[in-house]
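Hello,

Here is the structure I promised to pass on to you. Have a look at it first, and then read on for what turned up.

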Amino acid sequence: HRLEQALDELGETRAFLELLLTAGPVLVLRFAVPDRQVSYVSPNVERLTGVSEQEALAPRFLHGRVHLDDLPGFDAALDHIEEGSSAREVIEYRVDRGDGSFRWVSAVFVPEPDGDGRVMAVLGYVIDVDDRHRAEGEKTEAERGRLEAEAERVRLEIVVALERLEALGELKRLEAEVERVTDEGEKTEAERGRLEAEVERKRLAEKLYQLQRMESLGQLAGGV
């Protein structure tokens with residue numbers, strides 16, 4: 001009677017754990033060392049990765065699914081576990097869902113020791129974090145756009161300042177010419193009048209130019 005009760009309780013526990021693994025968001029896997037052949041994957045593998053349990057148990061499944069750019073970090077994490085230099089490795093990498101698309105996952109790897117304390121296998125707990133990565137990427141892109149707009153605003157301010165200095169220098173030159181003509185009497189009254197009119201025209205043009213620039217910069221700043 002007690003044995004039957006124990007078996008029933010064991011069956012209930014197994015069913016409960018199976019339900020957790022099937023419905024949960026975390027993929028659990030186990031693979032041997034050093035060949036890294038997967039010997040177990042949780043029942044939710046197809047829902048989370050897009051591959052069947054049979055495919056996940058095929059040789060070279062792990063390396064075949066990891067993005068090439070992420071493979072060095074992936075291998076390094078497993079090396080640390082297998083060598084016994086680390087009791088826990090947390091990494092993020094991209095996995096191929098089988099249709100050519102990749103999704104970011106976060107994984108925790110821990111060792112499974114044998115009776116002598118040597119690492120006989122590695123246990124992995126993997127969760128999808130692709131939505132977070134995409135949100136962070138969009139935020140980074142928006143921030144980059146803001147910084148580029150700010151840099152353009154500063155560049156325009158510098159251009160305005162330089163052009164204003166150039167315009168002021170031209171005004172001073174004309175004013176000096178008017179003074180020279182007036183002081184030395186080298187030009188006719190008509191020539192002096194022409195120079196004075198040119199100075200006034202430059203002044204008015206400078207004011208109009210500044211107003212237009214201020215309006216343009218104001219619109220740019222409002223859009224940042």
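**Backbone notes, cavity and salt bridges**

R36 is buried, since its relative accessibility is 12%. Please keep in mind that the model is predicted. R36 sits in the loop between β1 and β2, and its phi is near 60°, a positive value in a residue other than glycine. The loop between β1 and β2 (38-41) also holds P34, which is joined to V33 by a cis peptide bond with an omega of about 5°.

R60 also has a positive phi, near 65°, and is again not a glycine. R60 belongs to the loop between α3 (53-56) and α4. Is R60 buried or exposed? With a relative accessibility of 59%, R60 counts as exposed.

Which residues lie nearest its centre? They are L27, T49, V95, V105 and V126, out of a lining of 19 residues. Two or more lining residues come from each of these elements: β1 (26-32), α2 (45-49), α4 (61-65), β3 (89-96), β4 (102-113) and β5 (119-128). By type, the lining of the largest cavity has 13 nonpolar residues, one polar and five charged.

Y125 is found in strand β5. Its relative accessible area is 35%, so Y125 is classed as partly exposed: the value falls between the 20% limit for buried and the 50% limit for exposed.

Now to the charged pairs. How many salt bridges does the model have? The count comes to twelve.

- D70 and R94 form a salt bridge, with their closest N and O atoms 2.8 Å apart. This pair links distant parts of the chain, as D70 is in the loop between α4 and α5 (71-83) and R94 is in strand β3, 24 residues apart. D70 is buried, at a relative accessible area of 13%.
- E92 and R132 meet through their side chains in a salt bridge of 2.4 Å, N to O. Because E92 lies in strand β3 and R132 in helix α6 (residues 130-184), the pair ties together parts that are 40 residues apart in sequence. Both partners are partly exposed: E92 has a relative accessible area of 34%, and R132 has one of 36%.
- R118 and D114 form a salt bridge in which the closest N and O atoms are 3.4 Å apart. R118 counts as exposed at 53% relative accessibility, whereas D114 counts as partly exposed at 25%.

There is also a network of salt bridges, which links R103, D128, D130, D131 and R134.

Happy browsing, and do write back with any thoughts.

Best wishes

Key: Residues are numbered from 1 along each chain as its sequence is written. This is a predicted model: local features need pLDDT of at least 70, side-chain atom pairs count only at pLDDT 80 or more; totals for chains, interfaces and linings use all residues. Side-chain values use heavy atoms; hydrogens and water are left out. On a 1 Å grid over the protein atoms alone, a cavity is a set of points where a 1.4 Å probe fits but cannot get out, and a pocket is an open set with protein on both sides within 12 Å along at least five of seven lines; lining residues have an atom within 4 Å of a point. Helices (H or I, at least four residues) and strands (E, at least two) are DSSP runs, numbered from the N terminus. Ala, Val, Leu, Ile, Met, Phe, Trp, Tyr, Cys and Pro count as nonpolar, Asp, Glu, Lys and Arg as charged, and the others, Gly among them, as polar. Buried means under 20% relative accessible area, exposed over 50%, partly exposed in between (1.4 Å probe, protein chains only). A salt bridge is a side-chain nitrogen of Lys or Arg within 4 Å of a carboxyl oxygen of Asp or Glu.
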